[in-house]
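Me: I have a structure on screen and want to learn how to read it. Can you take me through it feature by feature?

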Amino acid sequence: MDKGLLAYLLIPLLSAVVIPFAARNRPKLADLLANVTLLAGLVNLLWLALRPSVIAGGFADIPGDGFSLLLVSAVYLVGLCVTFFSAWFLDEKLPNRQAYYSLILVSVAAMTGVVTTTDFFTLYVFIEVLAVTSFALITTDDSGAGLEGALKYFFLTFPASALIIAGISVLMLSLGSLSFDALRVFMASDIPSGPVTFGAALIMLGFIIKAGVVPFHTWTPDAYQGAYAPVSAHLAGIVTKISGVYAIIKLATLLRFFDGRAQALSGILMFLGMLSIAVGALAALKQTDFKRMLAFSSISQVGYIVLAAGLGTPLAVMGAIFHLFNHATFKTVLFLNSASLEKSAGTTDMEKLGGMEHSMPWTSWTSVVALLSTAGVPPLSGFWSKLLIILALWEAGLKTYAVLALLFSIVTLAYFMMMQKKVFFGRKSQAAESSPEVSAPLLAPAVLMSAVIVALGLLFPYFYTYVKMVAERIIL
Amino acid sequence: MSVFAFDWYMIALLLFAGFYCMLASRSIVRQLIGLEIVSKAAMLTVISAGALTANLVFAQALLITMIVIEVVVVAAGLALLVKNFRVKGSADIWKLDSLKG
Amino acid sequence: MIYHALLFAAAVVFAMWAVMARRLLTSAIMLALVSVTVSLIFFNLGAPWAGVFELSVCAGLITVLFVGAVSLIRHEDEKHPESRARFYALPLALAAFAIAAWFYLPEFFDALAGWRRMASGGGTIGLALWDLRRPDLLGQVLMLAAGVFVIKSVFPRRTEK
């Protein structure tokens with residue numbers, strides 16, 4: 001466990017425990033405590049990573065491997081956006097307001113645990129905590145759809161945990177240790193790998209199910225669509241990415257896919273990634289609900305990350321890490337905006353919406369920025385990560401995959417164009433007449449995240465240096 | 001066939017029964033029971049691997065954590081079940097089809 | 001060896017029974033019996049701590065939780081019983097799987113056992129938990145906190161109308 005980042009786990013936990021007592025009779029205090037905790041953490045992290053002296057030194061002073069610091073920042077950033085949004089979004093009479101904030105803080109603590117751990121079993125423990133908090137968060141508003149999504153998530157994620165445990169037993173038997181370093185050293189040596197790759201493959205399969213990669217994607221759209229509106233941003237933006245995709249990238253680097261000792265596994269992973277890209281994009285084309293389309297788009301974007309992780313060359317890993325971070329930014333904006341739409345217009349059905357640009361300009365334009373970033377339009381951040389992934393594929397001689405990835409990137413643009421036309425642009429619909437723009441505090445997180453997207457795109461050279469440093473540290 | 005291979009063969013049978021239950025049943029309670037059987041099988045693999053490599057102390061340390069996790073997971077699952085029952089008046093997972101697309 | 005094999009066979013039989021039982025209450029009790037046999041297996045393999053935890057927590061606490069939940073919903077469930085045919089097919093499916101697997105799996109697991117790496121395996125459970133698995137203890141604390149908040153969130157204290 002990375003000791004330097006332990007405080008980012010303990011402080012949210014502490015404040016989660018304090019909230020039910022302190023805010024017992026003053027529900028507003030719960031909002032305040034949760035926001036202050038996450039804001040303080042984020043400011044602290046920014047100081048660690050973005051001090052002028054650190055930037056000037058090419059990020060050589062970053063503690064640990066840099067990967068966990070980046071992801072803890074993403075967790076705090078998304079967490080802060082969600083709690084800030086919730087503070088103005090939650091119904092005054094919601095009976096479990098304190099428990100809601102406590103659960104978000106516990107899930108932030110668990111995600112910090114996931115990204116800072118250095119041991120497979122501890123990874124499993126924190127991922128279970130994360131899963132348990134997600135079910136309760138999804139069902140916050142007592143709706144039938146939320147319950148349905150939560151139950152489907154429940155019955156897919158726990159069999160996957162059993163597979164992970166079986167993989168851990170095989171590793172314990174054949175490797176004698178469960179730490180990441182032991183696996184890395186083992187794969188770098190030339191001892192015949194034997195059942196070690198089999199154990200790693202079982203663990204990988206569990207995480208593929210948890211990440212919602214095709215063919216195990218059936219729970220994702222239901223959970224995202226049914227979830228309580230701000231929670232779907234939390235879930236799609238960061239929770240499922242940390243609980244599944246992070247571990248896939250980590251395992252890909254530990255197994256050293258680039259030197260070909262686990263060739264078969266790498267090939268399967270890349271194939272599943274490509275399949276996710278295709279199925280997600282094609283299914284998104286025919287959706288009529290805004291949130292459900294975003295969910296399928298999320299499956300497709302996860303496909304890009306898994307494809308890059310499966311390739312495993314340093315350039316591909318850089319692309320995967322960068323895309324993971326970008327995905328957190330743009331999906332949070334889109335899901336928060338869908339929550340705004342739901343609050344203002346009362347629906348997320350694309351047939352009923354239309355011309356929202358006239359009445360909700362801020363929501364509309366932040367969405368457009370996020371959509372273009374997802375589709376990979378320069379100079380937004382999504383363009384650079386997709387470029388890195390496609391370049392890495394081309395460089396490794398996988399020209400078919402590179403061309404397909406490029407093609408489906410255009411399909412992404414197509415379905416988002418379609419959605420923009422239906423929801424935001426065009427003639428003013430009845431829904432647009434009667435729905436005013438949401439209040440400024442509800443817009444603030446989306447605007448902040450859009451600013452991050454534009455800034456990451458424009459300041460790409462700095463971010464490239466950072467990601468390059470991370471890739472060098474975790475692959476060597 | 002060694003004792004270890006026999007153990008894991010039986011564990012595979014347990015896993016099969018658990019997954020079969022989860023696939024065949026429409027009732028949430030029964031699905032939870034299938035899940036429990038699957039997780040029992042997973043626990044057996046840990047202890048059996050520990051016994052084979054003379055690493056039982058370590059394996060038991062893992063198992064105690066797993067049991068704590070399992071209790072909370074089952075409690076969360078049953079809480080969802082009871083809530084679902086209160087909201088919809090059924091414990092049938094295939095009645096969950098309001099979301100489609 | 002025979003005792004050991006019988007325990008495993010009993011676990012599989014109880015698991016089948018739990019799946020096939022008509023009444024949910026029987027299923028819950030059979031699940032408890034699976035837990036008991038599993039804990040006996042743990043004792044037999046020389047893992048007493050795991051056995052004690054399994055017996056008290058899984059066979060005890062989880063069964064109580066199950067029986068409680070089942071008795072809440074049993075009435076409704078018995079009004080619309082599900083089709084039994086799929087469950088009666090379980091012994092057949094399991095037998096088919098067992099015979100097919102007999103030719104491959106034991107061989108595979110024997111090969112797996114051949115790759116084993118012996119550990120030094122000293123110390124006590126308490127020391128192992130505290131020295132080697134300290135992050136897991138933190139995870140347990142987090143898990144228990146999460147459990148409390150989940151229950152609080154799913155069953156909130158209703159305020160008066």
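The talk below goes from confidence to chains, helices and contacts.

Me: How far should I trust the coordinates, and what scores does the model have?

Reply: Start with confidence. Where pLDDT is low, the predicted coordinates should not be read in detail. This is a predicted model. Its scores are ipTM 0.92 and pTM 0.94. For chain C the mean pLDDT is 87, and 93% of the residues reach 70 or more.

Me: Which elements of chain C have the lowest and the highest mean pLDDT?

Reply: H6(C) is lowest, with a mean of 80. H2(C) is highest, at 93.

Me: Now chain B. How many helices and strands are there?

Reply: Chain B has three helices and zero strands. Along the sequence the pattern reads α-α-α. The chain has 101 residues, and 73% of them count as buried. Look also at contacts between residues at least 6 apart in sequence: 44% of those in chain B join residues at least 24 apart.

Me: How do I check the length of a helix such as H3 of chain B?

Reply: Compare the expected span with the distance between the end C-alpha atoms. H3(B) covers residues 56–88, which is 33 residues, so at 1.5 Å a residue it should span 48 Å. The end C-alpha atoms lie 46 Å apart, which agrees.

Me: Is H3(B) enclosed or open?

Reply: Count its buried residues. In H3(B), 28 of the 33 are buried, so this helix is largely enclosed by the rest of the structure. Just after H3(B), B:Gly89 takes a positive phi of about 70°.

Me: What does H17 of chain A pack against?

Reply: First, the general idea. An α-helix has 3.6 residues a turn, so residues three or four places apart point the same way. Now the case here. H17(A) runs over residues 381–395 and reaches 21 Å from first C-alpha to last, close to the 21 Å expected. Its buried residues include A:Trp384, A:Leu388, A:Ile389, A:Ala392 and A:Leu393. The buried residues of H17(A) pack against H13, H14, H16, H18, H20 and H21 of chain A. Just after the helix, A:Gly397 has a positive phi of about 85°.

Me: How do H14 and H16 of chain A pack, in angle and in distance?

Reply: Two packed helices are described by the angle between their axes and the distance between the axes. H14(A), residues 314–345, and H16(A), residues 361–375, pack at about 145° with axes 9 Å apart. Their crossing is left-handed. Among the contact residues are A:Phe330 and A:Asn337 of H14(A), and A:Thr366 and A:Ala370 of H16(A). By class, this contact has five nonpolar, eight polar and no charged residues.

Me: On to the interfaces. How many residues meet between chains C and B?

Reply: The size of an interface is often given as the accessible area lost when the parts come together. Here we count residues instead. In this pair, 73 residues of chain C contact 64 residues of chain B. H1 to H7 of chain C each supply at least two residues to the chain C side. H3(C) gives the most, with 15 residues. The chain C side divides into 53 nonpolar, ten polar and ten charged residues.

Conventions. Residues are numbered from 1 along each chain as its sequence is written. Chains are lettered from A and ligands numbered from 1 in the order in which they are written. This is a predicted model: local features need pLDDT of at least 70, side-chain atom pairs count only at pLDDT 80 or more; totals for chains, interfaces and linings use all residues. Two residues are in contact if their C-beta atoms, placed from the backbone, lie within 7 Å. Helices (H or I, at least four residues) and strands (E, at least two) are DSSP runs, numbered from the N terminus. Ala, Val, Leu, Ile, Met, Phe, Trp, Tyr, Cys and Pro count as nonpolar, Asp, Glu, Lys and Arg as charged, and the others, Gly among them, as polar. Axes are lines fitted to C-alpha atoms, for helices over the stretch in contact, and angles run from 0 to 180 degrees between N-to-C directions. A crossing is left-handed if the near helix is turned anticlockwise from the far one by less than a right angle, and right-handed if clockwise. The expected span of a helix is 1.5 Å times one less than its number of residues. A residue is buried if 20 or more other C-beta atoms lie within 10 Å of its own, exposed if 12 or fewer, and partly exposed in between; C-beta atoms are placed from the backbone. pLDDT is the predictor's confidence in each residue, from 0 to 100.
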